Amino acid sequence: MTKPSVLILCTGNSCRSHLAEGILRDVAGDLFEVNSAGSNPAGYVHPKAIEVMKEIGIDISRHTSKHMNDFLNQKIDTVITVCGNADQACPMFPGQVNRYHWGFDDPAHAKGTEEEIMAVFRRVRDQVELVFEAYAAGYREGQKNL
């Protein structure tokens with residue numbers, strides 16, 4: 001049996017969607033095939049996103065920034081948008097069953113000292129972690145009842 005596919009979308013596919021992809025893959029890689037993409041990809045994964053994920057033991061240093069159109073010919077069961085722009089730009093994917101929108105602040109726009117900027121990245125990471133861990137736990141619980 002193939003695992004359901006989850007595509008996490010953001011505008012730039014440099015921060016939030018990679019935080020979510022890394023966390024969901026870590027807590028539920030046995031349940032889902034997880035990818036992320038952007039409606040206007042930045043072409044890189046933000047170094048601070050890589051750094052704050054490393055702090056919680058998740059390596060996203062090999063992730064790449066991808067365009068959401070790269071997935072139009074793949075079966076996507078669930079699309080999760082993590083920013084408002086991606087939610088508005090999101091197409092329907094063939095076979096798509098579920099669509100969720102959980103918006104998070106974009107840490108790439110944080111201003112201030114290095115420590116203040118890192119605090120924003122950590123806050124967003126922690127929020128993403130709470131939401132995606134809960135999503136995985138709920139899905140896992142639902143599978144027990146099938």
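Predicted model: local features only at pLDDT ≥ 70, side-chain atom pairs only at ≥ 80, totals over all residues.

Biologist: How do you know that the span of helix H1 agrees with its number of residues?

Modeller: Helix H1 covers residues 16-28, which is 13 residues.

Biologist: What makes H1 mostly covered?

Modeller: Ten of the 13 residues of H1 are buried. Among them are Leu-19, Ala-20, Ile-23 and Leu-24. The elements that cover the buried residues of H1 include strand E1 (5-10), strand E2 (33-38), helix H2 (47-55) and helix H4 (114-144).

Biologist: Why is Arg-16 called buried?

Modeller: Buried means under 20% relative accessible area. Arg-16 has a relative accessibility of 8%, so Arg-16 counts as buried. This residue has its place in helix H1.

Biologist: With which residues is Arg-16 in contact, leaving aside its neighbours within four places in sequence?

Modeller: The contacts of Arg-16 counted in that way are Cys-10, Val-82, Cys-83, Phe-104, Asp-105, Asp-106, Pro-107 and Val-124. For Pro-107, 91 residues from Arg-16 along the chain, the separation of the two C-alpha atoms is 7.8 Å.

Biologist: Is Leu-7 buried or exposed?

Modeller: Leu-7, which lies in strand E1, has a relative accessible area of 0% and is therefore buried. Its C-alpha atom is separated by 16 Å from that of Ile-60, 53 residues apart along the chain.

Biologist: What is the phi of Asn-13?

Modeller: Most residues other than glycine have a negative phi. Asn-13 is not a glycine, yet its phi is positive, at about 50 degrees. Asn-13 belongs to the loop between E1 and H1. At 0% relative accessibility, Asn-13 counts as buried.

Biologist: Which residues line the largest pocket?

Modeller: Asn-13 and Arg-16 are in the lining of the largest pocket, together with Cys-10, Thr-11, Gly-12, Ser-14, Cys-15, Ala-42, Asp-106, Ala-108 and His-109. The volume of this pocket is about 160 Å³. Its lining has four nonpolar, five polar and two charged residues.

Biologist: How many residues does helix H4 have, and how far does H4 reach?

Modeller: H4 has 31 residues and reaches 45 Å from its first C-alpha to its last, close to the 45 Å expected at 1.5 Å a residue. The buried residues of H4 include Phe-121, Val-124, Val-128 and Phe-132. Among the elements that cover the buried residues of H4 are E1, H1, H2, strand E3 (78-81) and strand E4 (98-101).

Biologist: Why is the pair of Arg-125 and Glu-55 called a salt bridge?

Modeller: Side chains of opposite charge can pair when their charged atoms come close. A salt bridge requires a side-chain nitrogen of Lys or Arg within 4 Å of a carboxyl oxygen of Asp or Glu. The closest N and O atoms of Arg-125 and Glu-55 are 3.1 Å apart, so the pair forms a salt bridge. Arg-125 lies in helix H4 and Glu-55 in helix H2, so this pair ties together parts that are 70 residues apart in sequence.

Biologist: How accessible are these two partners, Arg-125 and Glu-55?

Modeller: Arg-125 has a relative accessible area of 6% and is buried. Glu-55, at 39%, is partly exposed.

Biologist: What makes Glu-115 exposed?

Modeller: Exposed means over 50% relative accessible area. Glu-115 has a relative accessibility of 53%, so Glu-115 counts as exposed. Its side chain meets that of Arg-122 in a salt bridge of 3.1 Å, N to O. Arg-122 is partly exposed, with a relative accessible area of 23%.

Biologist: Where do Lys-144 and Glu-141 lie?

Modeller: Both lie in helix H4, three residues apart, about one turn of the helix. Lys-144 is exposed at 61%, whereas Glu-141 is partly exposed at 42%. Elsewhere, salt bridges that share partners join Glu-55, Glu-115, Arg-122, Arg-125 and Asp-126 into one network.

Biologist: How many salt bridges are there by this rule?

Modeller: The count comes to eleven salt bridges.

Methods:
Residues numbered from 1 in each chain as written. Heavy atoms only, no water. Helix = DSSP H or I, 4+ residues; strand = E, 2+ residues; numbered from the N terminus. Expected span 1.5 Å × (residues − 1). Buried < 20%, exposed > 50% of the residue type's maximum accessible area, 1.4 Å probe, protein only. Contact = heavy atoms within 4.5 Å. 1 Å grid on protein atoms, 1.4 Å probe; cavity = no way out; pocket = protein on both sides within 12 Å on 5 of 7 lines; lining within 4 Å. Points joined across faces, edges and corners; volume = space filled by probe spheres on them. Nonpolar A, V, L, I, M, F, W, Y, C, P; charged D, E, K, R; others polar.
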